[in-house]
Amino acid sequence: MQNRLETLESILDRLRSSIKKNGLKNSKQREEILCVLYKSGTHLSPEEIASEVKIKDKTTSISSVYRILSFLEKENFISALEADKSGRRYEIAAKEHHDHIICLHCGNIIEFVDPEIEERQVKVANKYNTKLISHNMKLFVLCEKCQKIK
């Protein structure tokens with residue numbers, strides 16, 4: 001798990017400001033979804049998030065979770081990762097930069113940072129007289145466990 005750049009409380013403060021700025025009503029569900037993602041420290045599907053939120057709020061529907069996820073992503077509180085054909089998985093955005101290794105069989109996601117890869121990407125961008133602004137690397141693999149199954 002990557003280091004957090006922000007505490008949960010400061011993220012929730014920013015969320016409340018964003019809700020006010022967008023003229024929306026305060027919603028405990030938005031806060032609860034952020035809490036679930038922050039505390040999980042991993043990549044969750046909308047269904048996994050809904051199941052966790054329903055523990056505290058039985059009235060939560062999957063459609064409201066999707067709507068809230070869309071808002072939170074647009075406002076840069078969370079980021080989505082298209083891991084495999086099973087759909088998007090979400091993580092808290094307030095983390096240090098990292099890349100992903102994704103198993104195509106079981107969907108397991110591993111976060112990693114490799115200083116050599118980071119340096120090489122800058123060199124490649126420079127070689128083409130460009131300035132690297134950001135990148136998103138995903139390595140698709142068969143994990144060790146799934147290799148044994150196949």
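Where is the place of asparagine 76? Asparagine 76 sits in the loop between H4 and strand S1 (78–84). Point 6 returns to this residue.

1. **Basis.** This is a predicted model, in which local features need pLDDT of at least 70, side-chain atom pairs count only at pLDDT 80 or more, and totals for chains, interfaces and linings use all residues. Residues are numbered from 1 along each chain as its sequence is written, and side-chain values use heavy atoms, with hydrogens and water left out.

2. **Overall layout.** The chain has 6 helices and 5 strands. Both are DSSP runs numbered from the N terminus: helices are H or I with at least four residues, strands are E with at least two. Starting at the N terminus, the order is α-α-α-α-β-β-β-β-α-β-α. The C-alpha atoms fill a box of roughly 50 × 45 × 25 Å along the principal axes. Of the 150 residues, 40% count as buried. Buried means under 20% relative accessible area, exposed over 50%, and partly exposed in between, with a 1.4 Å probe and protein chains only. Take contacts between residues at least 6 apart in sequence: 54% of them join residues at least 24 apart. A contact means heavy atoms within 4.5 Å.

3. **The core.** The largest nonpolar core holds 24 residues. Such a core is a set of buried Ala, Val, Leu, Ile, Met, Phe, Trp, Tyr and Cys residues joined through side-chain atoms within 4.5 Å. Ile33, Leu34, Leu37, Ile49, Leu72 and Ile78 touch the most other members. At least two residues each come from helix H1 (8–21), helix H2 (28–40), helix H3 (46–56), helix H4 (62–74) and strand S2 (87–92). H2 gives the largest share, 6 residues. Leucine 72 touches Leu15, Arg30, Ile33, Leu34, Phe77 and Ile78, leaving aside residues up to four places away in sequence.

4. **H2 against its partners.** The axes of H2 and H3 come within 10 Å and cross at roughly 120°. H2 is therefore oblique to H3. Axes are lines fitted to C-alpha atoms, for helices over the stretch in contact, and angles run from 0 to 180 degrees between N-to-C directions. Under 35 degrees counts as roughly parallel, over 145 as roughly antiparallel, 65 to 115 as roughly perpendicular, and the rest as oblique. Glu32, Ile33, Val36 and Leu37 of H2 make the contact with Ile49, Glu52, Val53 and Lys56 of H3. H2 and H4 also have axes within 10 Å, crossing at roughly 75°. These two helices are therefore roughly perpendicular. Here Gln29, Arg30, Ile33, Leu34 and Leu37 in H2 meet Ser64, Val65, Ile68, Leu69, Phe71 and Leu72 in H4.

5. **The sheet.** An open sheet of 3 strands runs in the order S4-S3-S5, with mixed pairing. Strands pair if DSSP finds at least two bridges between them. Strand S4 (109–112) and strand S5 (138–141) are the edges, each pairing on one side only. The twist averages 20° from one strand to the next. Strand S3 (residues 99–103) runs parallel to S5, joined by 4 bridges. Histidine 100 stands opposite lysine 138 in S5.

6. **Two asparagines to check.** Asparagine 76 has phi near 65°, a positive value in a residue other than glycine. Its relative accessibility is 55%, so asparagine 76 counts as exposed. Asparagine 129 has a positive phi too, near 55°. Asparagine 129 lies in the loop between helix H5 (115–127) and S5. Asparagine 129 counts as exposed because its relative accessibility is 73%.
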